[in-house]
Structure formats: structure tokens, C-alpha cells
Amino acid sequence: MNPYIEILRPGNVVMAMIAIVLVAIVGHTLSIPIILAMLAVFFEISAGNVINDYFDYKIDLINKPSRPIPSGRIALKTARNYAYSLFLGGTICGFLISYLTSNWIPFIIVVIADVILYLYAYKLKSTPLIGNLTVGFMTGLCFTFGGFSIGTEQMILTSTFLGFFAFVMTTAREITKDIEDIEGDKAEGARTFPILYGKKPSAIITFVLIILDCALCPLLYFQHVFNMFYLIIIAIAVILFVYSAALIIRNQDVETAARTSKFLKIGMLIAFVSFAIGSF
């Protein structure tokens with residue numbers, strides 16, 4: 001694979017862009033601002049991945065020597081400039097969206113994303129719990145950004161709700177992944193929440209976050225945002241979420257944490273399908 005594509009981590013970028021696609025489907029909207037929003041997310045998440053590899057250069061020399069920077073396929077300075085160019089691309093897209101919609105909030109969101117993604121790569125990812133919350137927040141922000149790019153009051157409210165759902169569940173999954181990776185993280189000298197405060201407190205936080213999201217799921221049906229099909233499909237996701245919560249609160253070994261993380265990911269994908277189908 002071309003190193004300039006590989007360093008973007010295309011899989012992560014596509015997953016983030018799906019948030020905008022979902023908002024567009026829910027809002028029954030395909031417009032220039034929405035297309036620009038997809039491009040903005042592409043640039044921003046790509047920039048975040050590249051700047052993350054830039055700051056992780058020394059660690060990756062040991063743990064991931066085949067990555068584009070430590071392998072020498074991309075020079076360190078080139079990677080930094082590449083990240084800055086991608087950040088600029090996202091910021092320009094945000095400006096154009098705001099100009100076209102006469103609403104400066106999308107541009108402000110992109111600027112905030114620039115700062116958070118840079119700080120996350122530089123410092124926040126190694127901060128217990130804050131790193132998990134940052135990943136969750138950025139995931140949820142993609143939905144909210146899509147809603148503001150459409151600009152209608154209903155879509156802003158709906159996308160903010162969807163963003164909060166994604167924020168909570170992503171944070172829960174990130175903490176679960178830290179439980180799963182606890183031994184490897186200890187070996188690397190990481191300071192994750194499970195390492196500092198233990199697996200059980202981490203599992204309790206995860207449990208609370210999952211149950212909170214499950215309790216919120218029916219609201220969009222009762223608020224007449226989504227139809228009955230949403231309720232049927234989201235029920236499947238809720239069953240998976242509750243099962244995942246029961247697993248992790250009962251046992252925090254590596255195997256259980258891995259299963260919980262997998263089930264949460266599947267549940268989120270099912271939830272995203274329910275958003276799309278439930279909007280018709």
C-alpha cells in the first residue's frame with residue numbers, strides 16, 4: 001500500500017465518514033454542505049491519524065517498525081507537514097460549509113476538532129480516562145457536525161442525540177479495550193485507567209455507560225423521530241449491549257474484555273442500521 005494512504009488508516013476514516021452518511025440519510029438530505037462535511041471528516045480524521053503517528057514515532061520504532069514513519073517510507077518532517085496540510089483541508093471545508101449555510105458553527109466545530117486531535121496525539125491519549133473520553137467525544141462530534149451542516153433545527157437536535165449516544169458507547173468500548181490491553185500497556189509503561197485504578201472500577205464505569213445508552217435508545221421513537229422499524233432493530237442492539245454489560249461487570253479477564261468489545265462494536269453497527277432504516 002502507498003505509505004501516504006496507509007498512514008491515514010483508511011478503515012478508521014471511513015468509519016468516521018459513515019456518521020455523516022447516517023445523518024444525511026436520517027435527514028433525507030444530499031447537498032453540497034453534506035458532501036463538504038464528508039470531506040471535512042476525511043481530512044480531519046486523516047490528519048489526526050498522521051499527527052498521532054508523528055508523535056508516536058519513537059514508540060513505533062519498537063512496537064510497530066513496519067509503520068510508514070519508523071520504516072523510513074515517510075520522513076518525520078514530511079509526516080508532520082502532511083498532517084498540517086490535512087488539517088488545513090478540513091478547516092477549509094468547514095469554512096465553506098459555514099459560508100454556504102450562513103452558520104459559523106460548522107467552522108467552529110472543525111477548529112475545535114483541529115485543537116483536540118492535535119492535543120490528543122500530543123498529550124491527552126496518555127491521560128487516564130481523558131483519552132477515552134476524547135475518542136468518544138470526537139466520534140459523537142462527527143454526528144453533531146453533520147446535523148449542523150444540514151442546518152435545520154430538527155436535524156441539529158437529532159444529530160446531537162445520536163452524537164451523545166455514540167460518545168457514551170464509544171467511551172465504554174474504549175475503556176473495555178484498555179482492560180483487554182492492560183498487560184501490553186503495562187509493558188509499554190502506559191498509564192490507562194485500568195492500570196492506575198484497577199479492572200473492577202473500569203468495568204463499573206463501562207457498565208454504567210452502557211446501561212445509560214440503553215435507557216436512551218427508545219426516546220427517539222417516542223419523540224416520533226424514528227419509526228417502529230427503528231424500535232425493532234434497536235432492540236437487538238440493546239440486547240447485545242446489556243449482555244456486554246453483564247459480561248464485563250462479572251469478569252474482567254482479557255478474553256471477556258475482548259468479547260465485550262466485539263459485542264459492543266457489533267451492537268453499535270446494528271444501532272447505526274436502525275438509525276438509517278428507522279428514518280424512512
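In the predicted model, the protein chain contains 14 helices and 0 strands, and when the chain is read along its sequence, the pattern is accordingly α-α-α-α-α-α-α-α-α-α-α-α-α-α. The radius of gyration of the protein chain is 19 Å, close to the 19 Å that the globule rule gives for 280 residues, so the chain is as compact as a globular protein of that length. The C-alpha trace spans about 50 × 50 × 30 Å along its principal axes. Of the 280 residues in the chain, 48% are buried, and the accessible surface comes to about 13100 Å², with 70% of that area belonging to carbon and sulfur atoms. When contacts between residues at least 6 apart in sequence are considered, 72% of them join residues at least 24 apart.

After α2 comes His28, whose phi is positive, near 50°. 

Helix α6 can be described in the same terms. With 18 residues, α6 reaches 26 Å from its first C-alpha to its last, close to the 26 Å expected at 1.5 Å a residue. Its buried residues are Pro106, Ile109, Val110, Ala113, Asp114, Ile116, Leu117 and Ala121, and the elements that cover them include α3, α5 and α7. As background to such lists, an α-helix has 3.6 residues a turn, so residues three or four places apart point the same way.

Thr206 lies in helix α11, which comprises residues 199–216, and counts as buried because its relative accessibility is 0%, under the 20% limit for a buried residue. Leaving aside neighbours within four places in sequence, Thr206 is in contact with Ala172, Ile175, Thr176 and Ile248. Met268, found in helix α14, is likewise buried, with a relative accessible area of 10%. Residues up to four places away in sequence not being counted, Met268 touches Ala166, Met169, Thr170 and Phe241. The C-alpha atom of Met268 is separated by 9.3 Å from that of Leu240, although these two residues are 28 residues apart along the chain.

The surface, by contrast, carries a nonpolar patch formed by Ile32, Leu88, Ile92, Phe95, Leu96, Tyr99, Leu100, Trp104, Ile108, Ile112 and Phe137, which together have about 1100 Å² of accessible area. At least two residues of the patch are supplied by each of α5 (76–101) and α6 (105–122), and the largest share, 6 residues, comes from α5. Helix α6 therefore has two aspects, since buried residues such as Ile109 and Val110 belong to α6, while α6 also supplies at least two residues of the nonpolar patch. One of the patch residues is Ile92, which is found in helix α5; at 44% relative accessibility, Ile92 counts as partly exposed, because this value falls between the 20% and 50% limits.

How values were computed
Residues numbered from 1 in each chain as written. Predicted model: local features only at pLDDT ≥ 70, side-chain atom pairs only at ≥ 80, totals over all residues. Heavy atoms only, no water. Patch = residues over 30% accessible without salt bridge, like charges linked within 9 Å, V, L, I, M, F, W, Y side chains within 5 Å. Areas by Shrake-Rupley, 256 points an atom, 1.4 Å probe, with all protein chains shown as cover. Salt bridge = Lys/Arg side-chain N within 4 Å of Asp/Glu carboxyl O. Helix = DSSP H or I, 4+ residues; strand = E, 2+ residues; numbered from the N terminus. Buried < 20%, exposed > 50% of the residue type's maximum accessible area, 1.4 Å probe, protein only. Rg over C-alpha atoms; globule rule 2.2 N^0.38 Å. Contact = heavy atoms within 4.5 Å. Expected span 1.5 Å × (residues − 1).
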